[in-house]
Amino acid sequence: MEKTKNREQIIIKTSIIGIIANLFLAGFKAGVGLLANSVAIVLDAVNNLSDALSSIITIVGTKIAGKAPDKKHPLGHGRVEYLTTLAIAIIILYAGFTSLIESIKKIIHPVTPQYTKVGLLIIVVAVFVKIGLGTYVQGKGRKVDSDTLIASGKDALFDAIISAATVFAAIVFIISGLSLESYLGVIISAIIIKSGFDMIRETVSEILGERVDSDIAIKVKEIIVSFPEVSGAYDLVIHNYGPERLIGSVHIEVPENMTVKELDKLEREIAARIGKETGVIMTGVSVYSRNVSNPKSVEIENKIKAVASNYKEVLQIHGFYLDEEAMNYRFDIIIDYDYKNREEIYQKVVDELKEIYPEYDIFATLDVDISE
């Protein structure tokens, strides 16, 4: 709880700094742009205003996301941060399309820009301010795992490049008389629009549910297999309910002769250690039983893996168990998502095994490639 509160305070403090800096830059750029009759500078000022508004939305979203869980939302409100990012992306898109329209109007009805030394100096200063702000915000975003802050930091650094391009266009005009303002405005608009669409795409992907982060998956599985009773960890699923709330479940492979009492103790210890070392809340630890004293099971399992190795699309075989009394064996098979007809490979493996061991029934589950 204390960690979450500190994270919220850092995000809000960083956002307030962003608001102040962007309002300061927007005011100066707008004044310079209007005096110089420069559409690019004015559009850059508008972009600073949209950045300030983004920071305000970030603060509101962070406050809502930090609300305690309730009956209707027992896992908290952390996913509001994704909606916050989505709202910022929409603002960016709006700013981009508005800028594009204004730039095209200026191309159709051109206006000669007028630059002053003071104006150019202010823009140069703005470049350095944006570099400092972007680096600061992005660093804080990585520190507290805030996608919104990271995106804001990148946007600020990008703004620095755009402002530098505006200075370049001004120098070109002063030297050659060639006005690039309107065309530069189109380029700036296109960049802003692309940034907005990229942000929407990434945020929607997170809302849909992405593959488990490989570093977290590997760490969780390393913890699990460090317990001497566990011979494997599979089917790890981690749901993201916000940066500070990850909910997980997993299958562990344990000896078939473990008692319920022993399993209960083991599962609780695994969940506690994972929570302490990774922050992932394990809501389910299921088991695969493993044969411990049947040489035939070793033979069949090795044969299954040998058959599967002939198909490059097969990523893993796990959860094997031989039931001699019922004359059957079971296992899960994971086939690469990139292969379109996964069922075809699955059936080939099963058919081949039926020919090798016709006396046994096969219960093979076509599993999914969820985590590393």
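Let's start at Thr-203. This threonine sits in helix H6, which runs over residues 181–208. Keep in mind that we are looking at a predicted model. Is Thr-203 buried or exposed? Thr-203 is buried, because its relative accessible area is 2%, and the cut-off for buried is under 20%. What does Thr-203 touch, leaving aside residues up to four places away in sequence? The partners are Tyr-82, Thr-85 and Leu-86.

Now step back to the whole chain. The protein has 10 helices and 6 strands. There are 372 residues, and 44% of them are buried. What about the overall dimensions? A compact globule of 372 residues would have a radius of gyration near 21 Å. The protein has 29 Å instead. The C-alpha atoms fill a box of roughly 90 × 45 × 30 Å, taken along the principal axes.

Next, contacts across the sequence. Take contacts between residues at least 6 apart in sequence. Of those, 70% join residues at least 24 apart.

The accessible surface comes to about 19,600 Å². Carbon and sulfur atoms account for 62% of that surface. And charge? The protein carries 39 positive and 48 negative charges. How far apart are their mean positions? The answer is 9 Å.

Let's look at some backbone angles. Go to Asp-235, in strand S1, residues 232–240. Asp-235 is not a glycine, yet its phi is positive, at about 55°. Asp-235 counts as buried, because its relative accessibility is 13%.

Met-327 also deserves a stop. Its phi is near 55°, again a positive value in a residue other than glycine. Where is Met-327? Look in the loop between strand S4, residues 314–323, and strand S5. Met-327 has 30% relative accessibility, so it counts as partly exposed.

Asn-328 has 11% relative accessibility, so it is buried. Which residues does Asn-328 touch, not counting those up to four places away in sequence? Tyr-321, Leu-322 and Asp-323 are among them. Tyr-360, Asp-361 and Phe-363 complete the list.

Stay in this region for the aromatic rings. A pair of aromatic rings is described by the distance of the centres and the angle of the planes. How many aromatic pairs does the model have? The count comes to 5. Take Tyr-329 and Phe-331 as an example: their ring centres are 6.2 Å apart and their planes lie at 15°. Why is that pair called stacked? The angle of 15° falls under the 30 degrees that stacking requires, so the pair qualifies.

Both partners are buried. Tyr-329 has a relative accessible area of 0%. Phe-331 has 1% relative accessibility, so Phe-331 counts as buried too.

Phe-320, Tyr-329, Phe-331, Tyr-357 and Tyr-360 form one aromatic cluster.

Thr-203 in helix H6 touches Tyr-82, Thr-85 and Leu-86. Asp-235 and Met-327 each have a positive phi. And Tyr-329 and Phe-331 stack within one aromatic cluster. That's the tour.

Terms used
Residues are numbered from 1 along each chain as its sequence is written. This is a predicted model: local features need pLDDT of at least 70, side-chain atom pairs count only at pLDDT 80 or more; totals for chains, interfaces and linings use all residues. Side-chain values use heavy atoms; hydrogens and water are left out. Buried means under 20% relative accessible area, exposed over 50%, partly exposed in between (1.4 Å probe, protein chains only). Contact means heavy atoms within 4.5 Å. Helices (H or I, at least four residues) and strands (E, at least two) are DSSP runs, numbered from the N terminus. The radius of gyration is taken over C-alpha atoms; the globule rule is 2.2 Å times the number of residues to the power 0.38. Accessible areas come from the Shrake-Rupley method with a 1.4 Å probe; for residues, only the protein chains shown count as cover. Lys and Arg count as positive and Asp and Glu as negative; His and the chain ends are not counted. The place of a charge is taken as NZ of Lys, CZ of Arg, CG of Asp or CD of Glu. Rings of Phe, Tyr and Trp (its six-membered ring) pair if their centres lie within 6.5 Å; planes under 30 degrees apart count as stacked, over 60 as edge-to-face and the rest as tilted.
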